[in-house]
Amino acid sequence: DVAPSRGLGDVYKRQLVDFVNFTFTKGSLLLPRGLKIEQVEGTERRFRVSWQEEREWATATGSDLLQIGVLYDSLPLGPRLAVSVSGRRQDLCGEFTLSERATDGAHVYCFFAREDGSAYSDCQYFRISAIPSHPQHTT
């Protein structure tokens, strides 16, 4: 129940709290094994994603692009894509930058996309508690 004086934004803030189970993408491409995120040394907002990949299937090609979905703690109703994302599946690593607005933490969703945007993988969730900090993977 929501009191009439409260705005719709208050309702959404109370409902969108399960960031671990939030699905940023759902798709037919495979996620690579061993995804992990580390902060790029000497930076505050730049992060490196690495993974293991030995498959070359129709659902996992070397040219698939790393994508990063983000929900910032300060903007929980504004899912967005991270800026300056680099990396292809065949590279076994990539990097991304979090917005300067992200000072209190972020919920990060790694996934892959076909170059032409015709297919996506499911996502994997990571939590970056505070910036700068070290992300924690949650399964």
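**Labels and their grounds**

Me: What makes Glu 115 count as partly exposed?

Reply: In this predicted model, Glu 115 has a relative accessible area of 49%, and since buried means under 20% and exposed over 50%, the residue falls in between and is called partly exposed.

Me: Why is the pairing of Glu 115 with Arg 88 called a salt bridge?

Reply: The side chains of the two residues meet at 2.9 Å, N to O, and because the cut-off is 4 Å between a side-chain nitrogen of Lys or Arg and a carboxyl oxygen of Asp or Glu, the pair qualifies. Glu 115 belongs to the loop between S7 and S8 and Arg 88 to the loop between S5 and S6, so that distant parts of the chain, 27 residues apart, are linked. Arg 88, with a relative accessible area of 27%, is partly exposed.

Me: How do you know that Arg 114 and Asp 64 form a salt bridge, and are they buried or exposed?

Reply: Their closest N and O atoms are 2.7 Å apart, which is within the 4 Å that the term requires, and both residues are buried. Arg 114 lies in the loop between S7 and S8 and Asp 64 in the loop between S2 and S3, so this pair ties together parts that are 50 residues apart in sequence.

Me: What makes Arg 46, Arg 48 and Glu 95 a network?

Reply: These three residues are linked by salt bridges, one of which joins the side chains of Arg 46 and Glu 95 at 3.1 Å, N to O. Because Arg 46 lies in strand S2 and Glu 95 in strand S6, that pair ties together parts that are 49 residues apart in sequence, and both Arg 46 and Glu 95 are buried. By the salt-bridge rule, the count comes to seven.

Me: Which residues touch the most other members of the largest nonpolar core?

Reply: Among the 18 residues of this core, they are Ile 37, Val 49, Ile 68, Phe 96, Leu 98, Val 108 and Cys 110. Strands S1, S2, S3, S7 and S8 each supply at least two residues of the core. A second, separate core of six residues includes Phe 19, Tyr 109, Phe 111 and Tyr 125. In soluble globular proteins, nonpolar side chains tend to be buried together.

Me: What makes the phi values of Ser 84 and Leu 92 worth a remark?

Reply: Phi of Ser 84 is near 55° and that of Leu 92 is near 65°, each a positive value in a residue other than glycine. Ser 84 has its place in strand S5, whereas Leu 92 is found in the loop between S5 and S6. With a relative accessible area of 36%, Leu 92 is partly exposed.

Terms used: Residues are numbered from 1 along each chain as its sequence is written. This is a predicted model: local features need pLDDT of at least 70, side-chain atom pairs count only at pLDDT 80 or more; totals for chains, interfaces and linings use all residues. Side-chain values use heavy atoms; hydrogens and water are left out. A nonpolar core is a set of buried Ala, Val, Leu, Ile, Met, Phe, Trp, Tyr and Cys residues joined through side-chain atoms within 4.5 Å. Buried means under 20% relative accessible area, exposed over 50%, partly exposed in between (1.4 Å probe, protein chains only). Helices (H or I, at least four residues) and strands (E, at least two) are DSSP runs, numbered from the N terminus.
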